[in-house]
Amino acid sequence: MTNTDEWLIAIAAGRAVGISTSATPSNHMHPSLIHRPLADAPAVPAKLAWRDGAVHPTVPDLLALARQVIAAGGPTRG
C-alpha cells in the first residue's frame, strides 16, 4: 500500500485493519468503513513547520495560539 486511500480499500476488503488519527475520516472517507474512537489512546505528537524566510502573515498568530494551547495543558479530547 502506498497511500491512505489504498490502505482504507484494503481494510474495506478485509485484508487489513488500522489505527489512525481522527483526521483520517475527515480527509479520506470510504463508504464501507466505520471509524470509532479508541478509549484511553495516547495523544499523537504533532509538529508545526514552516519554511525559512518570508512566511505567511498569520504564522506568528498560529505560533501564539499553539503556545497558549500548550501552556493551558493541551487540547481537550472528546
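These are short notes on a predicted model of one chain.

1. Basis. The model is predicted, so local features need pLDDT of at least 70 and side-chain atom pairs count only at pLDDT 80 or more, while totals for chains, interfaces and linings use all residues. Residues are numbered from 1 along each chain as its sequence is written, and side-chain values use heavy atoms, with hydrogens and water left out.

2. Elements. The chain has 3 helices and 0 strands, in the order α-α-α from the N terminus. Helices (H or I, at least four residues) and strands (E, at least two) are DSSP runs.

3. Overall form. The radius of gyration, taken over C-alpha atoms, is 17 Å. A compact globule of 78 residues would be near 12 Å, by the rule of 2.2 Å times the number of residues to the power 0.38. Along the principal axes, the C-alpha atoms fill a box of roughly 45 × 30 × 15 Å.

4. Of the 78 residues, 14% count as buried (under 20% relative accessible area, 1.4 Å probe, protein chains only). Among contacts (heavy atoms within 4.5 Å) with a separation of 6 or more, 14% join residues 24 or more positions apart.

5. Thr-2. This residue is found in the segment before helix H1 (4-12). Thr-2 is exposed because its relative accessible area is 69%, exposed meaning over 50%. The C-alpha atoms of Thr-2 and Ala-12, 10 residues apart along the chain, are separated by 16 Å.
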